[in-house]
Each structure stands twice: as structure tokens, then as C-alpha cells.
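Subject: Structure for your review

Dear colleague,

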Amino acid sequence: MKLRALVVSNFCALSESSLINAGSFDAGIAQLGAFIKAYADSHPNWRENLIVKFMHEGNVSTTYEWCVFTTTNLTAAGNVVSVAIANFITAYRRISTALRSASTDNNGVIRAQTVWEIGQTNDTSTSENGLIPFESWYPGDAYVDICSVNVYNRYGLTSGNSLWTSFEVGVLPALEAFRRCAPGKPIMIGESSSNDAGMVNSIS
């Protein structure tokens, strides 16, 4: 599949999965899809697609409200990680379905291409979780157009080379996971940087 992108945007519904699944953001998602559709319909010669990334890095600890391992999401899932992951997947599917439906143009072409993105690491700060395979977060082929990973090495400026991770070492686990759960899907690297242990002085 050849995919050309005109715009890459983050659609960040700042809420836990339970609110997304309750429909709290349905109107906003539909509005975004309708805007994309309207643009496509008013530009009949436009042949590009919009790449929309949402609920990204859901496998990391607590970076964003929708991440599986936030206290809110774990509590809502009865502190059962597998249930929290299932809730995340349900929320992703809800957004993807609504966005695809609302962005389908008058010729039946879905203009919003959806991105499923994982963080480089799937280990978490909560002791009961341990390591969970990347593909546990995969929403399914029907809901994902592009698989993405964010790759950061950790070069500790105060601790020599002990924290250095090569790009290859960082990216290969995700690529192997994509091969297992989503063979044939396009792959992108959403973010990549070399930075120190404190996440400052980043060299993008």
C-alpha cells in the first residue's frame, strides 16, 4: 500500500479510557472527521490523506491520561492490567471507527489514516506488571492503518556510556512485534532522539 501524507497531527483526548469509552469525546472526534471530509470534498483533485495519531504511547507508564498504567485506568479496571489494556484497545477502536466514518469522502474514500503508536519500552514502574509484549496493545487490522514506534536512546551525560542504547537495539523489538501482530502494515518512526538521562539537552 502506498501512502502519502499531507499532514501529521496528534489528536490527544486528555482523559482516561473509561471516559473515551463512555462517549465523552465522540462529538469532538466526529467534528475532526467531518472537517477532514469537508476539505476533501471541496478539493476534488486532492489525492493525499491525513495521518491522525491519537492515544499514542499507551504502553508507557503515566505519561498521558490514556496510558494503561495510570492510577485512574488501573483503578477503573479493578487493578487488573489485562482489563486495563482491553479498555485501552476498546477506546482506540471507538476513536478509530468514529474518525474513519466521519472522514469518508463522497467517493467512499477514508481520508483519515490512523496511527497506532507504542513507546520504545514496555516495562513499567508498577511492580505487578513486569514486561508485557508490545502487541498486547494492538487494536486490530481493521482499526489501524500505520504502526509507529518512538525510539529514544538514553545517553547519561553524568554517567558515561552506561545508559547508551543504539538505534538498532531500540527499534528492533518494536519492529519484531509489528511483524508478528500487523504484517503488511506500513511502519513509521514517530519520534527519535538522543538524549541524556534527565530527558534534557535532547538532540533530535
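The notes below set out what was found, topic by topic.

This is a predicted model, in which local features need pLDDT of at least 70 and side-chain atom pairs count only at pLDDT 80 or more, while totals for chains, interfaces and linings use all residues. Residues are numbered from 1 along each chain as its sequence is written, and side-chain values use heavy atoms, with hydrogens and water left out.

The nonpolar core

A nonpolar core is here a set of buried Ala, Val, Leu, Ile, Met, Phe, Trp, Tyr and Cys residues joined through side-chain atoms within 4.5 Å. Buried means under 20% relative accessible area and exposed over 50%, with partly exposed in between (1.4 Å probe, protein chains only). The largest such core has 40 residues, and Met55, Trp116 and Trp137 have the most contacts inside it. Two or more residues come from each of helix 2 (26-42), strand 2 (49-54), helix 4 (81-102), strand 3 (112-118), strand 4 (146-154) and helix 5 (167-181). Helix 4 contributes the most, with nine residues. Helices (H or I, at least four residues) and strands (E, at least two) are DSSP runs, numbered from the N terminus.

Contact means heavy atoms within 4.5 Å. Leaving aside neighbours within four places in sequence, tryptophan 137 is in contact with Gly58, Asn59, Val68, Phe69, Ile85, Phe88, Ile89, Trp116 and Ile132.

Helix 2

Helix 2 has 17 residues and reaches 24 Å from its first C-alpha to its last, close to the 24 Å expected at 1.5 Å a residue; the expected span is 1.5 Å times one less than the number of residues. Its buried residues are Ile29, Gly33, Ile36 and Ala40. These lie on the same side of helix 2, because they cover an arc of only 60° around the axis; the arc is that of the directions from the helix axis to the C-beta atoms. An α-helix has 3.6 residues a turn, so residues three or four places apart point the same way. On the other side of helix 2, Ala27, Gln31 and Phe35 are exposed.

Loop residues

Glutamate 57 is in the loop between strand 2 and helix 3 (71-76) and counts as buried at 10% relative accessibility. Asparagine 79 lies in the loop between helix 3 and helix 4 and is exposed, with a relative accessible area of 52%.

Which residues does aspartate 105 contact, leaving aside its neighbours within four places in sequence? They are Lys37, Ala40, Asp41 and Arg111. Aspartate 105 lies in the loop between helix 4 and strand 3 and is buried, with a relative accessible area of 6%. A polar contact of 3.0 Å joins its side chain to that of arginine 111. A polar contact is a pair of N or O atoms within 3.5 Å; within protein, one must be able to donate a hydrogen and the other to accept it, and residues adjacent in sequence count only if both atoms are side-chain atoms.

Cysteines

With a disulfide taken as a pair of cysteine sulfur atoms within 2.5 Å, the count comes to zero. Cysteine 147 is in no disulfide, and the nearest cysteine sulfur, that of cysteine 181, is 5.7 Å away. Cysteine 147 is buried, with a relative accessible area of 1%.

Yours sincerely
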